[in-house]
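This report describes one protein model together with its ligand. Please examine the sequence and the structure before reading on.

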Amino acid sequence: MVDQDNSENFTKLMTRIRGRDAVIGIIGLGYVGLPLAVHFCRSGFKVIGFDVDAAKIDSLTKGCSYLKHIPDEFILELSAKGQFEATCDFARLAEPDCLLICVPTPLDDKMEPDLSYLLQTTDQIAKTIKTGQLIVLESTTYPGTTEEMMLPKLESSSLKVGRDFFLAFSPEREDPGNKNFDASNTPKIVGGVTPGCLEVASALYNAITTVVPVSSTRAAELTKLLENTYRSVNIALVNEMKILAHRMDIDLFEVINAAATKPFGYMPFFPGPGLGGHCIPIDPFYLAWKAREYDFDARFIHLAGEVNIAMPGYVVERTAEALASRGKELQGSRILVLGIAYKKDIADDRESPGYAIMDMLTDRGALVSYNDPWIPKLRPTRKYNFTHESIELTPELLTACDAVIIVTDHTAYDYGEIVSHARLVVDTRNSTVGLRNGLDKVVLA
Ligand SMILES: NC(=O)c1ccc[n+]([C@@H]2O[C@H](COP(=O)([O-])OP(=O)(O)OC[C@H]3O[C@@H](n4cnc5c(N)ncnc54)[C@H](O)[C@@H]3O)[C@@H](O)[C@H]2O)c1
């Protein structure tokens with residue numbers, strides 16, 4: 001630890017963190033921020049949640065959660081104990097000892113990083129920053145963001161990092177809907193601007209899980225992008241393999257399961273209708289964008305993006321072919337899309353390939369409806385203008401449709417019923433394994 005970190009501020013903050021007396025401020029109470037708030041409360045800290053969305057704050061203040069995996073009772077109980085409160089009042093950013101930033105980091109229309117949410121938050125913190133505060137960025141971003149974009153704004157207050165305040169990056173690894181892993185048993189990567197920053201941030205996260213310290217904020221930022229680029233590239237690989245295997249008349253899912261019996265050197269990834277969610281389709285492009293500054297073309301990232309983006313089109317083509325072999329055209333056919341969430345058993349439809357599939361089918365004249373037990377109604381997004389409501393899944397509906405496309409393999413679906421009543425099933429997830437033997441009405445896509 002360098003001398004400047006041996007300050008009174010450092011010692012005070014460490015004592016407050018270790019004694020669970022530190023107040024934690026979480027900025028951005030979405031899929032990442034709200035579960036994180038609950039974890040810190042559970043570990044004995046008082047948490048103040050900040051969000052610009054007044055409806056979210058209102059809902060939390062009334063004790064209502066908007067995330068299915070965070071029950072209302074948690075919020076009610078934590079609020080009643082005085083451990084949690086939510087506010088839109090950003091003047092209160094001076095109250096917490098530690099501020100954890102979980103705001104969105106999307107792409108703009110040119111597929112370039114949109115840091116506007118983060119920069120707005122940093123400006124707000126710079127206005128209220130007080131000595132002894134720890135600020136940690138958790139939002140996914142390119143290497144250099146913490147030190148190049150945040151640090152100058154925070155130091156414009158004339159406070160010095162490592163001496164007066166502490167700054168770190170610790171990527172969020174939340175996997176919504178994952179029943180085996182959450183913030184309490186997923187190791188947390190932490191990188192600090194100075195050794196003291198690393199030490200206080202590590203002490204904080206140690207209260208909820210195992211910490212993996214790295215040498216810099218840039219290393220921590222790149223760790224997260226490596227993880228998500230790895231997923232994107234491997235998913236693209238199996239998606240491409242799926243198309244090849246189809247031409248070869250081989251079931252790729254059978255092949256993947258066979259390959260997965262190798263006890264070393266292979267990790268299974270499964271093909272699907274394309275990528276979705278706020279992370280995998282977006283994060284690699286943050287890295288590709290930054291790579292250009294180094295005169296580097298991140299070819300794997302671009303190729304994986306191309307392959308994955310083409311998958312919804314492949315699903316639509318397979319559906320058209322299967323209909324054609326039954327003497328039907330997409331134009332005028334009644335198509336039911338099953339699942340619009342980007343993955344099973346969650347209510348998150350951001351970047352879902354289901355939207356691209358619905359859009360292409362509609363463009364080609366199909367009459368499209370959808371069912372999703374997790375998403376009762378579609379809302380218009382920047383890209384799509386759907387306002388459909390989920391329709392009840394009945395044997396009559398299945399029989400009435402010309403094709404049923406399984407986009408998301410929700411556990412709640414009865415695949416036996418789907419296969420037995422539908423006229424044609426296009427399965428993008430291998431959900432009908434064991435049910436399609438000899439049935440030419442089920443096609444994998
Ligand atoms: N969702 C995931 O599974 C996941 C996993 C790992 C990492 N991440 C990363 O975490 C970050 C947040 O993702 P998310 O899924 O929680 O997003 P989200 O959209 O669910 O939540 C973000 C919240 O921030 C709020 N917000 C926006 N601007 C704000 C501001 N200026 N001040 C305060 N609040 C503001 C929004 O109202 C929203 O409630 C992103 O960088 C994302 O890439 C997400």
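How do the residues of the shell around the ligand divide into nonpolar, polar and charged? They divide into twelve nonpolar, eight polar and seven charged. In this count Ala, Val, Leu, Ile, Met, Phe, Trp, Tyr, Cys and Pro are nonpolar, Asp, Glu, Lys and Arg are charged, and the others, Gly among them, are polar.

## Basis of the report

The model is predicted, and therefore local features need pLDDT of at least 70 and side-chain atom pairs count only at pLDDT 80 or more, while totals for chains, interfaces and linings use all residues. Residues are numbered from 1 along each chain as its sequence is written, and side-chain values use heavy atoms, with hydrogens and water left out.

## The ligand and its surroundings

The ligand is surrounded by 27 residues, of which the closest are Val32, Asp51, Lys56, Thr105 and Arg350. Helix H5 (residues 116-128) contributes the most to the shell, with three residues. Helices (H or I, at least four residues) and strands (E, at least two) are DSSP runs, numbered from the N terminus.

Several polar contacts, that is, pairs of N or O atoms within 3.5 Å, can be described. A polar side-chain atom of Thr105 lies 2.5 Å from an oxygen atom of the ligand. The backbone of Thr140 also takes part, with an N or O atom 3.0 Å from a ligand oxygen. In the side chain of Gln120, an N or O atom is 3.4 Å from a nitrogen atom of the ligand. Taken alone, the ligand exposes 820 Å², and the protein buries 94% of that. Such areas come from the Shrake-Rupley method with a 1.4 Å probe; for residues, only the protein chains shown count as cover.

Leu118 is located in helix H5. It counts as buried because its relative accessibility is 0%; buried means under 20% relative accessible area, exposed over 50%, and partly exposed in between (1.4 Å probe, protein chains only). Leu118 and Val103 are 15 residues apart in sequence, and their C-alpha atoms are 6.4 Å apart in space.

## Salt bridges

The structure holds 24 salt bridges, each a side-chain nitrogen of Lys or Arg within 4 Å of a carboxyl oxygen of Asp or Glu. One of them joins Arg16 and Asp97 at 3.0 Å, N to O. This pair links distant parts of the chain, 81 residues apart: Arg16 is in helix H1 (residues 8-18), and Asp97 is in the loop between strand S3 (84-87) and strand S4 (98-101). Arg16 is partly exposed at 32% relative accessibility, whereas Asp97 is buried at 9%.

Glu155 and Lys160 form another salt bridge, with their closest N and O atoms 3.5 Å apart. Elsewhere, salt bridges that share partners join Lys46, Glu85, Arg92 and Glu95 into one network. Within this group, the side chains of Glu85 and Arg92 meet at 2.9 Å, N to O.

## A nonpolar surface patch

Leu237, Met241, Leu244, Met248, Ile250 and Val255 make a nonpolar surface patch of about 530 Å². Patches are made of residues with over 30% relative accessible area and no salt bridge; like charges are joined within 9 Å, and nonpolar side chains (Val, Leu, Ile, Met, Phe, Trp, Tyr) within 5 Å.

Helix H8 (residues 217-247) supplies the largest share of the patch, three residues. Ile250 lies in the loop between H8 and helix H9 (252-259), and it counts as partly exposed because its relative accessibility is 42%.

Methods. A residue is near a molecule or strand if one of its heavy atoms lies within 4 Å of it. A polar contact is a pair of N or O atoms within 3.5 Å; within protein, one must be able to donate a hydrogen and the other to accept it, and residues adjacent in sequence count only if both atoms are side-chain atoms.
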